[in-house]
Amino acid sequence: MERTFLMLKPDAVQRGLIGEIIGRFEKKGFILVGLKMMQVDRDLAEEHYKEHKGKSFFEPTVQYIMSSPVVAMVWQGKNVVSLAREMMGATNPANANPGSIRGAYAMDISRNVIHGSDSVESAEREIAIYFKLEEIVNYTKAGSEWLSE
Ligand code: CDP
Ligand code: MG
């Protein structure tokens, strides 16, 4: 089953949005298989955003995700990588659909509340840098027979 890495960024934690955002993914029917609060250090922040190294927003973005604790998560489900990105909305909340997470809860590209892997390959890489294998659980969720055949 497909998995993605989602992270509630420091602003989501500080603004009390953890429950709201996790609830959206739960209600959609995705399965939470990894969850931890953590403080991101510089090495991890730079590894996370290494594709953006050299861009003007690299250092501010590294600083942003190190600025306060985050919630790191692994979610599982059919097409979860692309559907989670749809649910998050555009990178710049100013352009995000108001029904999306960034559209509903954020104002500024540099405080856009959530990270989500942009491909299955990125998801594998990001899950591996944030989680040990034994921190990810396997289970069948009650009611899953009502979500798909
Ligand atoms: O997070 P997403 O994959 O939607 O966007 P990205 O292009 O991979 O950029 C990573 C993160 O860098 C964004 O989520 C923003 O937090 C930040 N960023 C920024 O502050 N200013 C930009 N012009 C572009 C990205
Ligand atoms: Mg990205």
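This note goes through a predicted model point by point, from the ligand site to the aromatic cluster and then the loops.

1. **The ligand shell.** Start with ligand 1. The residues around ligand 1 are Lys9, Tyr49, His52, Phe57, Thr61, Tyr64, Arg85, Thr91, Arg102, Ile109, Ser110 and Asn112. Sorted by class, that shell has 4 nonpolar, 5 polar and 3 charged residues.

2. **Polar contacts to the ligand.** Asn112 has a side-chain N or O atom 2.9 Å from an oxygen atom of ligand 1. For Lys9, a side-chain N or O atom sits 3.0 Å from a ligand 1 oxygen. Arg102 places a polar side-chain atom 3.2 Å from an oxygen atom of ligand 1. As for cover, ligand 1 on its own has 510 Å² of accessible area, and the protein covers 80% of it.

3. Which loop holds Asn112? Asn112 lies between helix H6 (101–105) and strand E4 (114–116). Its relative accessibility is 2%, so Asn112 counts as buried, the cut-off being under 20%. The side chain of Asn112 also makes a polar contact of 2.8 Å with the side chain of Lys9. A polar atom of the Asn112 side chain lies 3.1 Å from the backbone oxygen of Thr91.

4. **Val113, next in the loop.** Val113 is found in the loop between H6 and E4. Its phi is near 60 degrees, a positive value in a residue other than glycine. Is Val113 buried or exposed? Val113 is buried, with a relative accessible area of 0%. Check the backbone here when you inspect the loop.

5. **The aromatic pairs.** How many aromatic pairs does the structure hold? There are 3. One of them joins Phe5 and Tyr130, which are stacked, with 4.4 Å centre to centre and 20 degrees between the planes. Phe5 lies in strand E1 (residues 3–8) and Tyr130 in helix H7 (residues 120–130), so this pair ties together parts 125 residues apart in sequence. Phe5 and Tyr130 are buried.

6. Phe5 and Phe131 form an edge-to-face pair, at 6.5 Å centre to centre and with 70 degrees between the planes. This pair, too, links distant parts of the chain: Phe5 is in strand E1, Phe131 in the segment after H7, and they are 126 residues apart. Phe5 and Phe131 are both buried. Together, Phe5, Tyr130 and Phe131 form one aromatic cluster.

7. **Helix H2 and its end.** H2 covers residues 18–28. Which residues in H2 are buried? Ile21, Ile22, Gly23 and Phe25 are. Just after H2, Gly29 takes a positive phi of about 115 degrees.

8. **Asn79 and Val80.** Asn79 is in the loop between strand E3 (70–76) and H5. Phi of Asn79 is near 55 degrees, positive in a residue other than glycine. Asn79 is partly exposed, at a relative accessible area of 43%. Val80 lies in helix H5 (residues 80–88). At 1% relative accessibility, Val80 counts as buried.

9. Asp41 is found in the loop between strand E2 (31–38) and helix H3 (42–48). A polar atom of the Asp41 side chain lies 3.3 Å from the backbone nitrogen of Asp43. Asp41 counts as partly exposed, at 45% relative accessibility. Its C-alpha atom is 29 Å from that of Gly77, which is 36 residues away along the chain.

Methods:
Residues are numbered from 1 along each chain as its sequence is written. Chains are lettered from A and ligands numbered from 1 in the order in which they are written. Side-chain values use heavy atoms; hydrogens and water are left out. A residue is near a molecule or strand if one of its heavy atoms lies within 4 Å of it. A polar contact is a pair of N or O atoms within 3.5 Å; within protein, one must be able to donate a hydrogen and the other to accept it, and residues adjacent in sequence count only if both atoms are side-chain atoms. Accessible areas come from the Shrake-Rupley method with a 1.4 Å probe; for residues, only the protein chains shown count as cover. Ala, Val, Leu, Ile, Met, Phe, Trp, Tyr, Cys and Pro count as nonpolar, Asp, Glu, Lys and Arg as charged, and the others, Gly among them, as polar. Buried means under 20% relative accessible area, exposed over 50%, partly exposed in between (1.4 Å probe, protein chains only). Helices (H or I, at least four residues) and strands (E, at least two) are DSSP runs, numbered from the N terminus. Rings of Phe, Tyr and Trp (its six-membered ring) pair if their centres lie within 6.5 Å; planes under 30 degrees apart count as stacked, over 60 as edge-to-face and the rest as tilted.
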